[in-house]
Structures are given as C-alpha cells and as structure tokens.
Amino acid sequence: MKISVHEILKSQNASLHDDGLALYQEVKKNISKQIEDEITIDFTEIKRCSTLFLNASFGKLLAEFGEDSVRKFIHPDSYAQILNFMDKYNDMWDNFKNKSNYQAYREEAYA
Amino acid sequence: MDIFYLQHNPVPKEKSLYVFDSNVWLPLLGLESEEISDRYSEFFSKVMKTPGCKILLCPIQLSEILNRLLRYHAKIAYDKKYSNVKGQKPNPSEFYKGEYRSSEDFKKKYATILDDIDQYSEGLKFCDIQTNDFATLTTFKGSALDFNDNYLYLLAKEYDATIITHDGDFHDLDIRVGTYNKKLYQAYKDSVKPIAAPKPQA
C-alpha cells in the first residue's frame, strides 16, 4: 500500500504538528491492531519536511506499534529532494530508541 | 496581567504577535518532552495557520535555542565516543569546543535545526528590542525571572505580544501570557478573585 503525503496535506510542505498527525491518522486508518502489510509513505512532490512533522507522524507510529513493526512494514520513499530528510529521520528514530538514555540530557536542555 | 489557559482551546486572533519561550521552542525543534510537547505544538500549528500572526524571534533567543540543542546533541556524541573509554579523555566541555564543533555531526545537526526554523520563516518575525538601557535589561520585573526570561518579557512588552510559556516564573507581569501550566494559570486565577465581602454581623 502506498500513502501519498502530498495527497493528504495538499501542500509541498510537511512542516507542522497537525500535518504529521494527519499522516499518522491516515496510516492508522489502514491498519487494524497490528501492521500486517507493507506501507510505503510516498514523499513525491513534498519539498520540505520538519523534525516536528516526523515526530508527530513516524514518532507516534513508533510509540504505538513499536520499533520492529515500523522498521519492517512502514517505509518512507521518494524523499531525495527533501533537504536533510534522512538526517532528521534518523534523529527521530534515535531519540525514540534512546528515550530513557537521553532523559538526563533532555532535562538539562530544558533546565 | 492576563493569563489564558491553552487547555481552553483558544483561537489566535488574526495579526496577533507571540513570543514562544525557549522551552516551548525546544520540542518544536525535535527535543520532545512528554509533558508538554503535543499541546504547545498544536497551538504553534494554529498560530502558523492564522493569517497575519507572527512569532517574534530575537537574536539572543535564537542563540539560546541553538546552544541548548547543539549541546544536547554533543552530549549524545560524547557518550557514543567516550562512554566505554577508560583513562584519558576530554571532559564534555572540552569535547564540545575541541572536537564536536568541527565534526560532521555538528554540521548536520546545525543544518537540520536551521532548516526546521527556516520552514516556519513565513510565520516568524526576526526582530529585537530597542532598549539598550543597562538597568532595564538587568532589572527583572517578575519575582523569579532570569536575564533571558526578562529579555523575552521586554520583547513581548515592546511589541505588545503574548508570551507562550510553560515556565511558572512568568507571573506578576504586565503582559499577556498563554500557558498549559496549570499551576501558573491557577495562581493567576487566584490572584484576580474578588476578595470575599465580610459576613454581616448578627
């Protein structure tokens, strides 16, 4: 199954929290309790993407379905035109994976 | 002083100006805090989508945000490199200046933070306060503000903007404040309650 970010957002920018939630909801609509089929998140026509968007979409999917399922079934695609996409995507993943390890650093940043 | 509670789902008025406190900027730029991230992110989306609304961003705040985020990433990089190293190694501060700032990771992180901020540039107004009076800059209005908080207060005051913050220190100020911090909101509500009239004597 392919889900087009551009079709959901009707915009070339995937920047806001709401945009990320819209993608998250669309993915959720297409799966039941567990992810059983591959889902491609298609970024064709998207020019910019923010960390905030990735946290509200992929971050929430990771929290709900777990790392193994998301890694196996949900894949971003056609994002080469988006500056720093993979850096942001990897950071989002790393922050999720090491949430408790990085807690002290987060608290220090917020202090 | 006027504090409104973001839990009440307020809609930003067109052409309103806001100052987002640095602790609110951090989750918007990827440093999530479970307690507050989604709530302020929702309001940020509303502001960005409301015609004419702008979030003010001054150089001192931009510097603070960049430093906090980059030092967060530096600590992670330090751990990855040195957590298993025994014997001689730099301390985190030496690592930041001596190694991290010239690393590829620093360049990538810096570029991604700037790219994120730039994506919101239509809804941002880069500006600064006009005052350069030493006493104004260093005399804090609120009971518990620090220099940077006071600077944001002065910015909001000068532009008639609303501060969006989770920081309980932003009370007793003559500006509008929006928050999800229940304690801050409750303290404000308690402060504006009318004093109960004395009971009539029998």
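Predicted model: local features only at pLDDT ≥ 70, side-chain atom pairs only at ≥ 80, totals over all residues.
How many bridges join strand β2 of chain B to β3(B), and in which sense do the two strands run? Two bridges join them, and the strands run parallel.

Now look at the faces of β3(B). In a regular strand the side chains alternate between the two faces of the sheet. Strand β3 of chain B, residues 54–57, has B:K54 and B:L56 on one side, with B:I55 and B:L57 on the other. Are these four residues buried or exposed? They are all buried, so both faces of the strand are covered.

Next, the whole sheet. Six strands of chain B form an open sheet with parallel pairing, and the order is β1-β6-β5-β2-β3-β4. The edges are β1, residues 2–5, and β4 of chain B, each of which pairs on one side only. From one strand to the next, the twist averages 30°.

Stepping back to chain B as a whole, there are eight helices and six strands. Read from the N terminus, the elements go β-β-α-α-β-α-α-α-β-α-α-β-β-α. The C-alpha trace spans about 80 × 45 × 40 Å along its principal axes. Of the 202 residues in chain B, 34% are buried. If we take the contacts in chain B between residues at least 6 apart in sequence, 69% of them join residues at least 24 apart.

Now to where the two chains meet. Chain A gives 21 residues to the contact and chain B gives 24. On the chain A side, at least two residues come from each of α2 (17–29), α3 (51–65), α5 and α6 (103–110). By class, the chain A side that touches chain B has eight nonpolar, seven polar and six charged residues.

Two of those helices, α2(A) and α3(A), also pack against each other. What is the angle between α2(A) and α3(A), and how far apart are their axes? The angle is about 25°, and the axes are 6 Å apart. Angles under 35 degrees count as roughly parallel, which means that α2(A) is roughly parallel to α3(A). The crossing of α2(A) past α3(A) is right-handed. Among the residues that meet there are A:L21, A:L23 and A:Y24 from α2(A), and A:F53, A:L54 and A:K60 from α3(A). This contact has nine nonpolar, four polar and two charged residues.

Most residues other than glycine have a negative phi, and most peptide bonds are trans. The phi of A:S78, however, is positive, near 55°, and the phi of A:N84 is positive as well, near 60°.

A:S78 has 17 C-beta neighbours inside 10 Å, so A:S78 counts as partly exposed.

How far is A:S69 from A:T40, in sequence and in space? They are 29 residues apart in sequence, and from C-alpha to C-alpha they are 13 Å apart in space.

To recap: in chain B, six strands form an open sheet with parallel pairing. In chain A, α2(A) and α3(A) pack at an angle of about 25°, and both helices supply residues to the side that touches chain B. That is the end of the talk.

Note on methods
Residues numbered from 1 in each chain as written. Chains lettered and ligands numbered in written order. Buried ≥ 20, exposed ≤ 12 C-beta atoms within 10 Å, placed from the backbone. Contact = placed C-beta atoms within 7 Å. Nonpolar A, V, L, I, M, F, W, Y, C, P; charged D, E, K, R; others polar. Pairing = 2+ DSSP bridges. Axes fitted to C-alpha atoms, helices over the stretch in contact; angles between N-to-C directions. Parallel < 35°, antiparallel > 145°, perpendicular 65-115°, else oblique. Left-handed = near helix turned anticlockwise from the far one by under 90°.
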